[in-house]
Amino acid sequence: MFQEALHDIVERLAKARTQGLLEQFALIGGLAVSVWAEPRATRDIDFAVALQAGSPQSLAEVLRGTYRAGDLGDPLLGVITASSGMRERTIPVQLIFLPRRLSAVVFERMQEVTVLGCVVPVVAWESLVLLKLYAGGPRDVLDAKQICAAQAPDAGALTAVATLANRAGLSEEWEQFRFRIVTP
């Protein structure tokens, strides 16, 4: 079920990129956590997206979804909510527009990885940790901790994450996380 849904949404995103509506996309969320740490249950598929030309509404149409702009207090610029799936069940899909500073960090360090039999761009583990800290919920912090435990970063890697956090405007979140959870 997830495999079919992932293939479907990746095909739709690739089509949108070909049409010039989408510059980049990368898997984030629970499926991306499963790439960099222990697999975990998830109920949806999440991607970070960056527009090339056109509007988020145009992209939403191509993806058969709906667009909601972020409010003043919303940490996201906007979200396209769609669904994907074949047969008896659909899987919710969220396409997330990130603030510019965070988006730059996320999209410069992607890797193509095979997930559920589908080759898909996935954010680097360091960027995923920062996305999780940006989201800030209890599940997100636990995901960040599990990713760091699985990756076992050395001092150089931790310094590199700190540099990325600074560029993304997340230095304070990273330092609190690092000193409370990552370093003994």
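**Notes on the helix packing and strands**

1. H4 passes H5 in a left-handed crossing (left-handed means the near helix is turned anticlockwise from the far one by less than a right angle, right-handed clockwise). H4 covers residues 100-108, while H5 covers residues 125-135. Helices (H or I, at least four residues) and strands (E, at least two) are DSSP runs, numbered from the N terminus.

2. Before you go on, bear in mind that this is a predicted model: local features need pLDDT of at least 70, side-chain atom pairs count only at pLDDT 80 or more, and totals for chains, interfaces and linings use all residues. Residues are numbered from 1 along each chain as its sequence is written, and side-chain values use heavy atoms, leaving out hydrogens and water.

3. Back to that helix pair. The H4 and H5 axes come within 9 Å and cross at roughly 150° (axes are lines fitted to C-alpha atoms, for helices over the stretch in contact, with angles from 0 to 180 degrees between N-to-C directions). That angle makes H4 roughly antiparallel to H5 (under 35 degrees is roughly parallel, over 145 roughly antiparallel, 65 to 115 roughly perpendicular, the rest oblique). On the H4 side, Leu 102, Val 105 and Val 106 are in contact with Ser 127, Leu 130, Leu 131 and Tyr 134 of H5 (contact: heavy atoms within 4.5 Å).

4. H5 has another partner, H7 (residues 155-168), packed at an angle of about 55° with the axes 10 Å apart. H5 is therefore oblique to H7. Trp 125, Glu 126 and Leu 130 of H5 touch Ala 157, Val 161, Leu 164 and Ala 165 of H7. Their crossing is right-handed.

5. Just after H5, Gly 136 takes a positive phi of about 80°.

6. Now the strands. E2 (residues 45-51) is mostly covered, with six of its seven residues buried. E2 pairs with E1 (residues 22-28) in the antiparallel sense over six bridges (strands pair if DSSP finds at least two bridges between them). Leu 27 stands opposite Phe 47 in E2. E2 is also joined to E5 (residues 91-97), this time running parallel, by four bridges. Here, Ile 45 stands opposite Val 93 in E5.

7. E6 (residues 110-115) and E7 (residues 118-123) run antiparallel and share six bridges. Gln 111 stands opposite Val 122 in E7. Their hairpin has two residues between the strands, and Leu 116 sits in that loop.

8. Most residues other than glycine have a negative phi, and most peptide bonds are trans. Leu 116 has a positive phi of about 50° although it is not a glycine, and Leu 116 is partly exposed at 38% relative accessible area. Ala 152, in the loop between H6 (138-151) and H7, has a positive phi near 45°. Is Ala 152 buried or exposed? Exposed, with a relative accessible area of 58%.

9. Last, the cysteines. Cys 118 is buried, with a relative accessible area of 5%, and Cys 148 is buried with a relative accessible area of 5%. The disulfide count comes to zero (a disulfide is a pair of cysteine sulfur atoms within 2.5 Å).

Notes
Buried means under 20% relative accessible area, exposed over 50%, partly exposed in between (1.4 Å probe, protein chains only).
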